[in-house]
Amino acid sequence: MGNYVVELKNVTKRFPGVVALRDMSLQIKPGEILGLIGENGAGKSTLIKILTGVHSADEGEMFINGVKQDIKTPSDAKNAGIACVYQELNIVKELSITDNIFINKYIHKKNSKFLDYKAMHKKAHEVMLSLGQDVDVTKPCANFGMGILQMVEIAKAVLIDAKLIIMDEPTSSLGEKEVKQLMKTVRSLKERGVSILFVSHKLEELFELCDRVTVMRDGEHITTDAIEDMDNDKLITAMVGRTLNNQYPKIEGKRGKEALRIENLNSTGVLHNISFTAYHGEILGIAGLVGAGRTETFQAIFGAFPVDGGHIYIKGKRVTIKSPKDAVKNRIALLTEDRKGQGLVLSQGIDTNLILANLSKFTKGLWLNKEKIKNNGDQAVDDLKIKTPGLTAITSQLSGGNQQKVVIGKWLNTDADIYLFDEPTRGIDVGAKVEVYNIMNDLVAKGKCVIMVSSELPEILGMSDRVIVMRGGKIMGEIDRHNEGFTQENIMKAAWGGRI
């Protein structure tokens, strides 16, 4: 036990109707990067909360540097040298970088209640500089992008001299340049002797960064192996308990009639003459780097982003869409990139979330039809394979993949003809991704039109019939699946400003 920074032995955690962790054991060595992977619902989040003192284990033991510890609160975990950089950053954007780094641990002037900002600014700048960020720490965090904000979270961990830093899906909202900087920072932390628990659904990141990888399934430890002894197939099989012979189960659709046509859509400074056509029975992919204008294009089509020019046609007929309500009336569905902030009411049950996009379908006079809501919910849980202890389970308690299925189920209840999927598999595991792809295939088979924004090039290439590439709010080119130029290289060429 003395050879490990942190060791969990035979940890079990139960919630009503669910055993989230069962006899789970984990060992993290000093100065190593241990990858942690598993399907949504495998128990990773619960494991992180046990390590950080958010939850207490019902059974089992935790040792830190060989000494048994009783971690009951987040403060206990921090005092023991365990810090976590969560997927959803804990940043107060109105406050400066310095204030965020020192929050709850301010430095006071000697024999005074006044804060010593000179000392704090100096230390904050030193810590950020050590992470490769020469920034003005006196400015509000709202002035900075996601990559810098993530470094602020890491700086908090460095400031408390953390021996273990847990990183929960740290690259999910980062661009390519920011990901490279994060990887560099993680390696530098390792060189300083800091241990990293790196939680990611992106297999390529684990192979690039980690020394060992632990796989969880159904709340249990499946295997821990040196990364050089693993490959994609072994990891996937360990995660899902079966072989995924095709990570992208693309079914060739039969292109039908024109579903959606966009002509010269403009939004000052953001979108510039966006024009394209999408058809029934196909998946149209939209690729591009962060900031290319892909999400804004979707929001503009859906009436949720201001435009000052351009036209929208549905089935050849020009329509006016000034609000999401107009979009829904025109049978357009938008699965937002931010499922938690915009796609779900997390405090409500699954049954409630499933009906939110089409309440009129589930009313009986002035009242909700509870029987119809229950029947609809039961059907959605079966059809979409939503893992839940019950229909009334609070949506915030579901794993990311199951939350995404609830969002999809909500929009399926509108019987839309055009589905806008914005980063539909972000933050969900390989098995859940395949289930989402199969839903997209089913929609296309029914003659629906699916348009997908994705930052994952293998996903774009694997599932799209055609791909539009955007950069700086402009369309740079279009590639068809059946052409020789349907490659990652050509997409990236266009994304960086070249023509294809």
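Modeller: Let's start with F305, which sits in the loop that links α9 (294-301) to β14 (309-314). Keep in mind that this is a predicted model. If you skip its neighbours within four places in sequence, F305 is in contact with S267, V270, E296, Q299 and A300. Also have a look at S323: it is 18 residues from F305 in sequence, and the two C-alpha atoms are 8.6 Å apart in space.

Now zoom out. The protein is divided into domain 1 (6-81 + 162-244) and domain 2 (257-496). Their C-alpha centres lie 31 Å apart, and the contact takes 16 residues from domain 1 and 18 residues from domain 2. About 1,300 Å² is buried between these domains, with carbon and sulfur atoms giving 55% of that area.

Next stop, helix α6, residues 176-191. The buried residues of α6 are V179, L182, M183, T185, V186, S188 and L189. As a rule, an α-helix has 3.6 residues a turn, so residues three or four places apart point the same way. What covers those buried residues of α6 includes β3 (33-38), α5 (146-159), β7 (164-168), β8 (195-199) and α7 (203-209). Just after α6, G193 takes a positive phi of about 95°.

Not counting residues up to four places away in sequence, E153 touches V85, L89, N90 and I91.

Last, a sheet. Four strands form an open sheet in the order β2-β1-β4-β5, with antiparallel pairing. The edge strands, each pairing on one side only, are β2 (18-28) and β5 (67-69). On average, neighbouring strands of this sheet are turned by 30° against each other, direction ignored. For a detail to click on, take β1 (residues 6-15), which pairs with β2 in the antiparallel sense over 7 bridges. There, E7 stands opposite Q27 in β2.

Technical notes. Residues are numbered from 1 along each chain as its sequence is written. This is a predicted model: local features need pLDDT of at least 70, side-chain atom pairs count only at pLDDT 80 or more; totals for chains, interfaces and linings use all residues. Side-chain values use heavy atoms; hydrogens and water are left out. Helices (H or I, at least four residues) and strands (E, at least two) are DSSP runs, numbered from the N terminus. The expected span of a helix is 1.5 Å times one less than its number of residues. Buried means under 20% relative accessible area, exposed over 50%, partly exposed in between (1.4 Å probe, protein chains only). Contact means heavy atoms within 4.5 Å. Two strands pair if DSSP finds at least two bridges between them. Axes are lines fitted to C-alpha atoms, for helices over the stretch in contact, and angles run from 0 to 180 degrees between N-to-C directions. Domain bounds come from an automatic or database domain assignment. Buried area is the accessible area (1.4 Å probe) that two parts lose on being put together, summed over both.
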